[in-house]
Amino acid sequence: MKLAVMVNEGPYTHQASDTAYNFIVAALAAGHEIFRVFFYHDGVNNGTRLSTPPQDDRHIVNRWSELSKAHDLDLVVCVAAAQRRGIVDPDEAKRNGKDSDNIAPGFRISGLGQLIEAGIQADRLLVFGD
Amino acid sequence: MLHTVNKSSFESASLKICLGLAKSGSDILLIEDGVYGALAGTIHATMLAEATSAVSVYALGPDLKARGLPEDRLISGIKVVGYDGFVELACANDKVQSWL
């Protein structure tokens, strides 16, 4: 089955990104397809490669990047939510005159249309947030 | 429909509202702090115990464990599932409603 997931909370502030991750791992293990993971609101903070948690803690951002690499996951960050919170890819950095970018590997910045498409294309859309 | 409730019934009315609106035959999965609602003997236990005749209620095992809630203290009729069970419930129902 084709599943889409939406994450609305940041890492380390709420359990939502952990629950979403564990759900996706279980879905992949059961042979389902993850059509897209859409990060909205504070959820965009899952996509900064500058995150450096203590070594004995889970690295939520790297965990997403590694899962994306292993399963070719489409991790999409909402552009408007990302701009507000300082999540920037090279194109957005250039466009807005920023001196650097911080998007983590496996993530891409796009718009709400990607969420709508996921809702249409996937068999189920699951929302994780506060 | 699968309803997921992630708030403790001591913190939010989402479980109560969910139970009030869920159609007979629905599945309700308690996740994150929502698992506190599965405890027997609390002031909210009757509400959920009465609902189990019309809807199927599940609690996410890893979230119970993370909060130190033993499975033998749950309201009878509540089934404990893992993330694999969460995936199965999401696929078995045609829609998933998150009560955030």
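Two residues are taken to be in contact if their C-beta atoms, placed from the backbone, lie within 7 Å. This is a predicted model, in which local features need pLDDT of at least 70 and side-chain atom pairs count only at pLDDT 80 or more, while totals for chains, interfaces and linings use all residues. Residues are numbered from 1 along each chain as its sequence is written, and chains are lettered from A and ligands numbered from 1 in the order in which they are written.

On that basis, eleven residues of chain B meet 16 residues of chain A. On the chain B side, the elements giving two or more residues are α4 and β5 (96-99); helices (H or I, at least four residues) and strands (E, at least two) are DSSP runs, numbered from the N terminus. α4(B) supplies the largest share of that side, with six residues. Sorted by class, the chain B side has eight nonpolar, one polar and two charged residues, where Ala, Val, Leu, Ile, Met, Phe, Trp, Tyr, Cys and Pro count as nonpolar, Asp, Glu, Lys and Arg as charged, and the others, Gly among them, as polar.

Helix α4 of chain B spans residues 83-92, and its buried residues are Y83(B), F86(B), V87(B), L89(B) and A90(B). They sit on the same side of α4(B), because they cover an arc of only 160° around the axis (the arc of the directions from the helix axis to the C-beta atoms). Buried here means 20 or more other C-beta atoms within 10 Å of a residue's own, exposed means 12 or fewer, and partly exposed is in between, with C-beta atoms placed from the backbone.

Over in chain A, there are five helices and five strands, running β-α-β-α-β-α-α-β-α-β along the sequence. The radius of gyration of chain A, taken over C-alpha atoms, is 14 Å, close to the 14 Å that the globule rule (2.2 Å times the number of residues to the power 0.38) gives for 130 residues, so the chain is as compact as a globular protein of that length. Of those 130 residues, 41% count as buried.

Beyond its neighbours within four places in sequence, V5(A) contacts A20(A), F23(A), I24(A), I34(A), V37(A), L126(A) and F128(A).
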